[in-house]
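Please work through the exercises below with the sequence and the coordinates at hand. Each task is followed by a stepwise solution.

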Amino acid sequence: AGDQSKTTLFRLDFETNKLQRLATNALDSSAAITPDGKDIIYTCTMADAGSVLCSVPAVGGETRLLGNEQRGYGPSISPDGQFVVFVCKRGDNYGSCLLSLANANDEPRVNSAISGSGVTPQFGWLSDSSAYLVNNNENGVMNIRAVPLDGSTPFDITNFTDDHRIFSFGLSPDGKKLAIVR
C-alpha cells in the first residue's frame, strides 16, 4: 500500500506483465504515446513549475520538459506524431496550446481560449492531422470545434443548440464516426 495521493508514470510490458517505472515525479497524469511508440508525453508536476508537459522514452530514460516549461496538462498527440495539443494556462486564462514535437523546446503556440464550462477540455484529431478537435463552450452551448493547424478559421463539426455539456468525445481512425458523452 503506497501513498494514493501520489501518482507516477509506468510502462507495462504485455509480454512479461512487468511494470517499469518511467518517472520519479510525485504527481504524473495524462499520458499519451507517440504513434511510433518511441516516446510518452505526459503531465508532470514540478515543484518550481507546476504542471507542465514532459517526455520520456517508452523504454525508459531521462525525462525532459517540453514547451519551454509552459504550464499545461492533458496532451493529445497528432496521428502523424508531429504535434501535441494540450490545455495551457496564461495568466488567469486557459487555452489550447500547440507544440511541434520536432521543436519541443520552443514556446508553444496558443491557438484559442477555452471558455470555462465546468468540464475539462478534451482533445482529438482529424485523421489527416490537419486540425485538432476540442470541446468548446460558446455562449453556454458546447460543440466540437476543429482548429486547423494552417491557421485558418476554426469551425464546429457539431451543431448543438442546447445547453448540454460535452464531457468526452472520440473520433474513429477513419474520421467517419464521432462518439460523444454529453
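The exercises that follow concern a predicted model.

**Exercise 1. Determine whether strand 13 is enclosed or open, and examine each of its faces.**

Solution. 
1. Strand 13 covers residues 141-148.
2. A residue is buried when its relative accessible area is under 20%. Eight of the eight residues of strand 13 are buried, so the strand is largely enclosed by the rest of the structure.
3. In a regular strand, side chains alternate between the two faces of the sheet.
4. On one side of strand 13 stand V141, N143, R145 and V147, and on the other M142, I144, A146 and P148; all are buried, and both faces are therefore covered.

**Exercise 2. Identify the strands that pair with strand 13 and describe the turns.**

Solution. 
1. Strand 12 (residues 131-138) pairs with strand 13 in the antiparallel sense, over eight bridges. Within this pairing, E138 has V141 as its bridge partner.
2. Two residues separate strand 12 from strand 13 in their hairpin, and N139 in the turn has a positive phi of about 55°.
3. Strand 14 (residues 155-156) runs antiparallel to strand 13 and is joined to it by two bridges. Here F155 of strand 14 stands opposite A146.
4. The hairpin of strand 13 and strand 14 has six residues between the strands, and G151 takes a positive phi near 90°.

**Exercise 3. Locate T158, state whether it is buried or exposed, and list its contacts.**

Solution. 
1. T158 is found in the loop between strand 14 and strand 15 (168-171).
2. The relative accessible area of T158 is 11%. Buried means under 20%, so T158 is buried.
3. With neighbours within four places in sequence left aside, T158 is in contact with N143, I144, L178 and I180.
4. The side chains of T158 and N143 are joined by a polar contact of 2.8 Å.

Definitions and conventions:
Residues are numbered from 1 along each chain as its sequence is written. This is a predicted model: local features need pLDDT of at least 70, side-chain atom pairs count only at pLDDT 80 or more; totals for chains, interfaces and linings use all residues. Side-chain values use heavy atoms; hydrogens and water are left out. Buried means under 20% relative accessible area, exposed over 50%, partly exposed in between (1.4 Å probe, protein chains only). Helices (H or I, at least four residues) and strands (E, at least two) are DSSP runs, numbered from the N terminus. Two strands pair if DSSP finds at least two bridges between them. A polar contact is a pair of N or O atoms within 3.5 Å; within protein, one must be able to donate a hydrogen and the other to accept it, and residues adjacent in sequence count only if both atoms are side-chain atoms. Contact means heavy atoms within 4.5 Å.
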